[in-house]
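Please open the structure in your viewer and keep the selection tool at hand. The tour goes from stop to stop, saying each time what to select and what is there.

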Amino acid sequence: MEKFTTHTGVGVPLRRSNVDTDQIIPAVYLKRVTRTGFEDALFAAWRGDPSFVLNQEAYSNGSVLVAGPDFGTGSSREHAVWALKDYGFRVVLASRFADIFRGNSGKQGLVAGVVAQEDIELLWKILETKPGTEVTVDLEARTVHADDVTVPFQIDDYTRWRLMEGLDDIGLTLQNEADITAFEATREAWRPKTLPAKHLPSVPVEPARPVS
Amino acid sequence: MAGTLAEKVWEAHLVRRGADGSPDLLYIDLHLVHEVTSPQAFEGLRLAGRQVRRPDLTIATEDHNTPTLDIDLPIADLTSRTQIDTLRNNAREFGVRIHSLGDADQGIVHQVGPQLGLTMPGLTVVCGDSHTSTHGAFGALAFGIGTSEVEHVLATQTLPLSPFKTMAITVNGQLPPGTTSKDIILAVIAKIGTGGGQGYVLEYRGEAIRNLSMEARMTVCNMSIEAGARAGMIAPDETTFEYLKGRPHAPEGADWDAAVEYWKTLRSDDDAEFDAEVVLEASDLEPFVTWGTNPGQGLPLSASVPVPEEIADANERVAAERALEYMGLEGGTPLRDVKVDTVFIGSCTNGRIEDLRSVAKVIQGRKKADDVRVLVVPASARVRIQAEAEGLDVIFKEFGAEWRNAGCSMCLGMNPDQLAPGERSASTSNRNFEGRQGKGGRTHLVSPLVAAATAVRGTLSSVSDLDLPGHVDLTTFDGTPLTPLEAPSFV
Ligand code: SF4
């Protein structure tokens with residue numbers, strides 16, 4: 001996972017509250033077997049509307065999403081974060097996030113920053129009056145800067161540390177790899193191994209056929 | 001310090017204890033993989049340039065998407081085929097053992113582990129599937145995980161976890177004739193509710209549990225998740241050891257002795273404290289069926305469909321109304337009058353050889369009811385082979401049932417075996433959610449014995465509705481046309 005300290009990119013005002021994960025990425029896209037390439041699925045139901053914010057030239061390459069309260073509610077699908085990241089977003093700002101979405105974001109390297117609703121309104125105003133305005137998110141200082149405005153955002157210390165170190169869950173666990181190796185040396189011989197494979201005698205399996 | 005079974009297994013797998021509130025790091029002994037929840041996990045490894053840390057503790061099989069007919073032909077559904085091809089490619093790339101369609105050890109992941117002797121007491125077992133709780137029947141701590149956790153286990157063979165609470169479920173006495181372990185677990189879920197086990201590992205104990213065969217115990221643990229629990233466990237005993245001994249991956253020689261000695265210590269201490277306790281009397285049990293759209297909406301077969309107006313709790317009343325509308329049922333209808341279109345015998349809950357034997361015993365020499373479609377789907381190819389060696393397939397076919405290849409089949413609407421909208425089934429599987437067996441399909445969860453009797457009569461029935469001689473013993477099949485069990489003596 002990439003380390004995150006500051007990021008500057010076009011801000012996208014999403015004037016909607018309660019954006020649930022089904023709106024972020026509809027269920028039909030969950031059948032895919034890939035982990036990337038979900039950019040087309042992001043907000044799929046809204047993308048058909050030409051007036052939707054991401055369909056406007058000035059915002060289309062945005063990377064900082066400024067959304068209404070209760071972002072990311074609904075099903076726990078990790079795909080919601082993948083879709084946002086694949087589209088190019090590095091930061092989502094809102095006054096409230098669903099817990100699971102915020103947890104998933106931290107694990108996948110997306111900054112979910114909590115900004116007071118009046119500051120969100122301020123940012124929306126700037127981004128709407130001057131479409132294409134760049135926003136700078138400073139994770140170290142926990143501030144958002146746009147035009148001549150600087151507002152604070154909140155993120156818990158642990159998630160911030162992980163994002164700044166670029167550590168995903170696996171990276172974190174692997175910091176203790178010596179412990180894992182030491183534990184493995186103590187495992188008893190009776191514990192099973194799948195390899196080399198042991199089998200019963202192989203027997204042909206007859207395909208069943210439809211009954212007419 | 002006195003401990004419960006779950007705590008003992010937990011302690012034995014601590015790689016690192018979490019400091020102040022952060023999770024413990026637990027070692028995983030066995031990781032089962034299937035095609036639905038693994039593709040993105042493998043891709044995550046690839047993107048990060050990571051390897052599978054312990055391919056020798058990992059095994060994959062194909063089950064959810066596999067058809068149960070024409071398994072030698074290409075899979076018609078594109079999504080299904082892609083998922084399966086992806087699993088095969090990933091297994092090859094990362095060096096993971098796989099049992100593919102057509103292989104004698106292909107089948108539902110929760111049957112494959114036990115039948116190969118990979119599932120044993122005292123292990124931690126995980127799989128990207130909620131019914132991983134099945135393996136708890138051996139005294140293993142076994143639970144389902146999500147895709148990012150699958151990736152975590154593949155990469156590190158560990159999982160960061162916060163301790164669970166423990167609940168003892170004691171089932172005293174003896175099961176009445178015609179009831180099975182499925183009726184025990186359906187009654188437990190109806191009693192504690194679908195959220196009653198949330199955050200808990202359930203430990204089943206008591207005389208009725210001790211008397212169950214290994215496979216019947218798996219049925220109980222399998223549905224722990226339907227009570228909201230993380231896992232279900234049963235302390236290992238002679239029944240467990242006997243089931244395991246001689247299986248392909250069971251320990252041998254001195255390893256076996258060492259293992260059994262350790263396994264015998266895997267029981268909750270007499271003075272161990274559980275966070276919650278539930279007690280059931282087995283002698284009170286009757287064949288249980290569900291009438292609604294979650295597994296907690298169940299009643300004894302002798303009861304009638306509930307009348308919503310009579311339900312005191314407002315939330316439950318609304319839920320019941322909704323469920324009855326979906327199920328197309330009138331409150332007050334005797335459950336025995338409910339007519340079904342399809343009987344499904346299979347799944348990781350009840351698709352094992354003992355289940356098939358008990359069904360065969362009930363239907364032998366009879367014909368299925370007209371207009372009822374009967375599907376018999378073994379949990380694994382090995383179960384199918386064993387059933388055929390015992391002549392069960394002939395009994396099923398003469399009865400008028402369809403005898404299929406192994407897989408999840410009609411347990412979930414992901415492969416070609418599905419209910420049509422409005423079609424009603426009596427099903428030995430584990431979930432009766434709206435649309436679970438196909439869009440608009442209506443599911444009644446039942447035991448294999450109830451499924452068999454229902455297939456004979458066409459309405460929800462128990463074996464007591466048939467003139468069967470005596471008590472149906474689940475574990476043996478003594479019908480005459482069977483060839484005696486020869487090697488392999490197990491599946
Ligand atoms: S049989 Fe049903 S419950 Fe079991 S693993 Fe398959 S889909 Fe899941």
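At roughly what angle do the axes of helix H3 (residues 79–87) of chain A and helix H4 (residues 99–108) of chain A cross? They cross at roughly 50° and come within 9 Å, where axes are lines fitted to C-alpha atoms, for helices over the stretch in contact, and angles run from 0 to 180 degrees between N-to-C directions. Before going on, note that this is a predicted model, in which local features need pLDDT of at least 70 and side-chain atom pairs count only at pLDDT 80 or more, while totals for chains, interfaces and linings use all residues. Residues are numbered from 1 along each chain as its sequence is written, chains are lettered from A and ligands numbered from 1 in the order in which they are written, and side-chain values use heavy atoms, with hydrogens and water left out.

**First stop: two helices of chain A**

Helices (H or I, at least four residues) and strands (E, at least two) are DSSP runs, numbered from the N terminus. H3(A) and H4(A) are oblique to each other, a word for angles that are not under 35 degrees (roughly parallel), over 145 (roughly antiparallel) or 65 to 115 (roughly perpendicular). Select A:Ala80, A:Val81, A:Trp82, A:Leu84 and A:Lys85 in H3(A), which meet A:Phe101, A:Asn104, A:Ser105 and A:Gln108 in H4(A); contact means heavy atoms within 4.5 Å. By class, this contact of H3(A) with H4(A) has five nonpolar, three polar and one charged residues, where Ala, Val, Leu, Ile, Met, Phe, Trp, Tyr, Cys and Pro count as nonpolar, Asp, Glu, Lys and Arg as charged, and the others, Gly among them, as polar.

**Second stop: the ligand**

Select the ligand and the residues around it, including B:His64, B:His110, B:Asp129, B:Cys348, B:Cys408 and B:Arg436; a residue belongs here if one of its heavy atoms lies within 4 Å. The residues of this shell divide into five nonpolar, five polar and two charged.

Select the open sheet of three strands with the order S1-S2-S8 in chain B, whose pairing is antiparallel; two strands pair if DSSP finds at least two bridges between them. Strand S1 (14–16) and strand S8 (158–161) of chain B stand at the edges, each with a single partner strand, so one side of each is left without a neighbour in the sheet. In this sheet B:Arg16 stands opposite B:Leu25 in S2(B).

Next, select the four strands that form an open sheet in the order S11-S10-S9-S12 of chain B, where the pairing is parallel. Strand S9 (residues 165–172) and strand S10 (residues 200–205) of chain B are joined by six bridges, and B:Ala168 stands opposite B:Glu203 in S10(B). Helix H6 (residues 181–192) of chain B lies across S9, S10 and S12 of chain B, at about 130° to S12(B).

**Last stop: helix H13 of chain B**

Select helix H13 (residues 353–363) of chain B together with helix H14 (residues 381–389) of chain B, whose axes come within 10 Å and cross at roughly 35°. The contact of H13(B) with H16(B) has eight nonpolar, one polar and one charged residues.
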